[in-house]
Amino acid sequence: MTKIIYNTHDNKTHTIDVQNGLTVMEGAVQNDIPGIDADCGGGMACATCHVYVDEDWVQKLPQKDDGEEDMLDMAFEPKKNSRLSCQIIVSDELDGLVVNIPSKQS
Amino acid sequence: MIKTDALIIGAGPTGLFTAHQLKLIGLDCEIVDNLDKIGGQCIELYPDKPIYDIPAVPECTGEELTNNLIDQIKPFNIKTHLGERVDEVKKDGENWFVKTNLGKTFLTPNVIIAGGVGSFEPRKFSPKECEKFENKSIFYSVKDKTIFEGKTVSIFGGGDSALDWAVELSKSSKVNLIHRRDDFRGAQATVDKVHELAKSGKINLFTKYQLTNVNGKDNLESIEIKHDNKEIKTIKTDFALGFFGLIMQLGPIADWGLNIDKKTVAVDTEKFETNQKGIYAVGDICSYPGKLKLILSGFHEGALAARACFKLARPNEKYRFEFTTSSKTIKDRLGVKSD
């Protein structure tokens, strides 16, 4: 289990133990964290699981691939620290990862 | 008004196979879909991505799956109403009265919602003020390109639609192309063309910029765009076009009196009927204990919902289960020879 910290847009912090191997998106959906729609179910096809990764963590995550960057073009208000949470796989190295959920997904 | 035994909302794989099952057991049906083409998410989201979990099909793409399903229902000549969204579903005696956004009406005892995660709608600009200019100076698709002649058009996006329109409109308009990063994801030939036109001054290229504000009274007068380094530019423009792809929205389904939780509709697992008699939900949009969002589950759900439709469409007949391998009636419906 790895601790992932989800900050929702209403300024609430949800600290969740997520099983290694799941994605940050699945951790949110399975624990009813609001603001992650994940319409396509993790297929990197919809950009509705968009999160802003805490600045301290941006460099520590595995690089995004081209497909993820392409999908982020369609996300709501993408920034430099934007990621699709379905593409971040939880592992021990990510213990304490902080992600901020945008005000909306579309 | 069109009368039919069952109306299917959604022309994705589940909707198509449900239509197949209805016709196989001798019922009529018609299909409505908001997209302008058949295939739903398979065509819109992943036409080229391989799928590995369709039973007896080791590998196929979203497009191949759709084409196979279209082939499979070809013998039935099913009427599909594309580019239309069902807006209204109302009780009318023993039937449901259904109306689309284009005013087409249906009367049917059975409505089958095979709507995926809802209808595909264009993604819009984030500043709220954009709404007041929508369909006047702000568009998310181009219906009549002549309105842009001689005007300044600011196009946002980095995919094929944005690039194609930038190239096309640069012939007779002043074009600004604005994208959030340096890389474009469109076809390489178009990307090269855009860079060429930018060099010769036919397109003003702004990369690493995003829209932050729009100004104007009745019509758009200028837009503000912000660079990654926080610098803000104000650009005079007559029109803004946004091409950010499509997003799925539940839309009017939310107003039909169904039990909806987290964008899905609760159903039973015998008929896949909702809390409203004669309205069924199948595929990704339905939920029940153990629901899996797989295409194969949608096929099963559609097959059972089709049998449930029979009771309401033919109250005085008894449904008789038959195999396609042996039933002469079914072979006649399929237009194939019996042994």
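Predicted model: local features only at pLDDT ≥ 70, side-chain atom pairs only at ≥ 80, totals over all residues.
**View 1. Where chain B meets chain A.** Here 16 residues of chain B are in contact with 15 residues of chain A; contact means that the C-beta atoms, placed from the backbone, of two residues lie within 7 Å. On the side of chain B that touches chain A, the residues split into six nonpolar, five polar and five charged. Residues are numbered from 1 along each chain as its sequence is written, while chains are lettered from A and ligands numbered from 1 in the order in which they are written.

View 2. β13(B), residues 152-156, is mostly covered, with four of its five residues buried. Buried means 20 or more other C-beta atoms, placed from the backbone, within 10 Å of the residue's own. Strands are DSSP runs of E with at least two residues, helices are runs of H or I with at least four, and both are numbered from the N terminus. Strands count as paired if DSSP finds at least two bridges between them. β13(B) pairs in the parallel sense with β14(B), residues 174-179, over five bridges, and B:Phe156 sits opposite B:Ile178 there. Getting from β13(B) to β14(B), the chain goes through helix α4 of chain B, residues 160-169, in a right-handed β-α-β crossover: with the strands pointing away from the viewer, the path from the first strand over the helix to the second runs clockwise. β13(B) also runs parallel to β19(B), residues 239-242, joined by four bridges, and B:Val153 faces B:Phe239 in that strand.

**View 3. Chain A on its own.** Chain A has three helices and five strands, in the order β-β-α-β-α-α-β-β along the sequence. Its C-alpha trace spans about 30 × 30 × 25 Å along the principal axes. In chain A, 40% of the 106 residues are buried.

**View 4. Chain B on its own.** Chain B holds seven helices and 24 strands, and its C-alpha trace spans about 70 × 45 × 40 Å along its principal axes.

Notes:
Buried ≥ 20, exposed ≤ 12 C-beta atoms within 10 Å, placed from the backbone. Nonpolar A, V, L, I, M, F, W, Y, C, P; charged D, E, K, R; others polar.
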